[in-house]
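Visitor: I am new to this structure and would like to learn how its features are read. Could you show me the model and then take me through one part of it with care?

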Amino acid sequence: MSPTPPPVPYFFHRLRLAYSGLHPERIHTLVKASDPVEAVRKIETGRVRVSAAAREAVGVAAEQRMQELASSGVSVTLLGADSYPPWLAAIPDPPDLLFVRGVLPTAPGVAVVGSRRATRYGINLAKAIGAAAGRRDAVVVSGLARGIDGAAHWGVVEAGGRGVAVLGCGLDRWYPVSHRRLGEALLENGGGVVTEYPPGTVPEPWRFPVRNRIITGLSRVVLVVEAAADGGALISARLGLEQGREVLAVPGDIDRVTSRGCNELIRDGAMPVLGTADVLDLLEQEGIINPSGVGRRESGPADAKGGLEEAIGEAGATLEVLAERMGWPLTRLLVSVGELESEGRVTRDGGVIRLRMEHGRNG
């Protein structure tokens with residue numbers, strides 16, 4: 001059972017603390033010692049020593065922060081709220097505040113992680129696994145990094161599936177910058193981008209190992225495709241084991257640097273993966289996907305584009321209106337609208353979806 005949502009003053013002061021730039025563990029320690037209200041008071045009065053920049057950031061009213069977040073399309077969920085993912089809430093050290101774009105899943109997904117310096121073999125396999133999981137409507141979770149992370153999510157996007165990217169920085173920037181389009185595609189497909197760091201937070205190296213617990217916390221299965229013996233993916237594997245997740249690894253040549261971490265995981269008891277079928281079989285066993293594709297979104301966005309364009313009409317329509325007209329869940333609708341938008345067939349004017357003139361029924 002999820003904890004009861006705390007009162008509004010708690011949330012507002014916890015939000016102010018998030019903007020301090022302090023390490024999440026230090027914020028947690030300050031909150032645990034009393035509560036966010038007292039922690040903010042101690043920072044403001046100098047009883048807790050922080051930088052001048054941190055003190056100034058904490059001094060900004062929560063109402064102003066909420067307005068800034070709303071204007072930039074970022075939502076906030078607090079541990080204990082209905083919108084907070086229950087699987088993440090159950091780990092030993094869940095973040096008590098999450099900043100979100102898009103949609104967070106309520107069911108656990110599969111984390112696909114690995115080396116940034118992956119081989120072509122690893123890239124191709126990660127992409128194939130991401131696509132296979134996406135086609136079966138499993139949520140693929142990763143860190144949007146170069147290499148294995150990005151390949152898995154590109155596979156999801158190209159299959160029309162859903163993915164969640166966990167960032168080690170604020171949602172006002174993409175890291176790496178080259179994966180901005182990938183992150184936007186995840187959102188267009190009905191997925192999400194999440195972080196425990198507020199907008200304005202830069203991607204400093206120490207933030208990434210900390211965020212890995214969120215990647216594994218959102219997942220039931222953790223798959224390591226390629227990893228060096230001291231790579232960040234092994235941090236995720238260790239966290240997954242501590243959280244009670246199923247950990248899988250792809251074996252590789254014993255003299256290949258990016259295979260050593262995976263081979264050691266298998267030696268120590270991780271399940272070896274010899275292809276996409278192994279991953280799908282385990283996802284079925286764990287109840288993440290239904291057997292034999294049952295429950296998969298068989299009718300993809302491309303199958304009903306004409307009907308969706310008819311529903312949009314010459315006057316345009318909001319997502320809420322379209323969901324009612326089509327009788328579709330919002331997730332499927334977001335996927336379909338995102339595909340039409342990427343093809344240049346529709347545009348978004350504020351909250352209204354409109355047909356481009358050259359694709360209109362009379363155009």
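Guide: The buried residues of helix 7 are Gly122, Ile123, Leu125, Ala126, Ile129, Gly130, Ala131, Ala132, Ala133 and Gly134, where buried means under 20% relative accessible area, exposed over 50% and partly exposed in between, with a 1.4 Å probe and protein chains only. This is a predicted model, in which local features need pLDDT of at least 70 and side-chain atom pairs count only at pLDDT 80 or more, while totals for chains, interfaces and linings use all residues. Residues are numbered from 1 along each chain as its sequence is written, and side-chain values use heavy atoms, with hydrogens and water left out.

Visitor: What are the length and reach of helix 7?

Guide: Helices (H or I, at least four residues) and strands (E, at least two) are DSSP runs, numbered from the N terminus. The expected span of a helix is 1.5 Å times one less than its number of residues. Helix 7 covers residues 120–135, which is 16 residues, and its first and last C-alpha atoms are 22 Å apart, close to the 22 Å expected.

Visitor: Which elements do the buried residues of helix 7 pack against?

Guide: An α-helix has 3.6 residues a turn, so residues three or four places apart point the same way. Here the buried residues of helix 7 pack against strand 3 (109–113), strand 4 (140–142), helix 8 (148–158), strand 7 (219–224) and helix 13 (276–285), with contact meaning heavy atoms within 4.5 Å.

Visitor: How is the packing of helix 7 and helix 8 described?

Guide: Two packed helices are described by the angle between their axes and the distance between the axes. The axes are lines fitted to C-alpha atoms, for helices over the stretch in contact, and the angles run from 0 to 180 degrees between N-to-C directions. For helix 7 and helix 8 the angle is about 40° and the axes are 7 Å apart. That angle makes helix 7 oblique to helix 8, since angles under 35 degrees count as roughly parallel, over 145 as roughly antiparallel, 65 to 115 as roughly perpendicular and the rest as oblique.

Visitor: Is the crossing of helix 7 and helix 8 left-handed or right-handed, and which residues of the two helices meet?

Guide: A crossing is left-handed if the near helix is turned anticlockwise from the far one by less than a right angle, and right-handed if clockwise; the crossing of helix 7 and helix 8 is right-handed. On the side of helix 7, Gly122, Ile123, Ala126, Lys127, Gly130 and Ala131 take part, and they meet Ile148, Ala151, Ala152, Gly155, Val156 and Glu158 of helix 8. Sorted by class, this contact of helix 7 with helix 8 has seven nonpolar, three polar and two charged residues, where Ala, Val, Leu, Ile, Met, Phe, Trp, Tyr, Cys and Pro count as nonpolar, Asp, Glu, Lys and Arg as charged, and the others, Gly among them, as polar.

Visitor: At what angle does helix 7 pack with helix 13?

Guide: Helix 7 and helix 13 pack at about 35°, with their axes 10 Å apart. In this contact Ala128, Ile129, Ala132 and Ala133 of helix 7 face Thr276, Val279, Leu280 and Leu283 of helix 13, and the residues divide into seven nonpolar, one polar and no charged. The crossing of helix 7 and helix 13 is right-handed.

Visitor: Which residues does Val225 touch?

Guide: Val225 sits in the loop between strand 7 and helix 11 (232–242), and it counts as buried because its relative accessibility is 2%. Not counting residues up to four places away in sequence, Val225 touches Val112, Val113, Gly122, Leu125, Ala126, Ile148, Val250 and Cys262.

Visitor: How many helices and strands does the chain have?

Guide: The chain has 16 helices and 12 strands, and 53% of its 363 residues count as buried.
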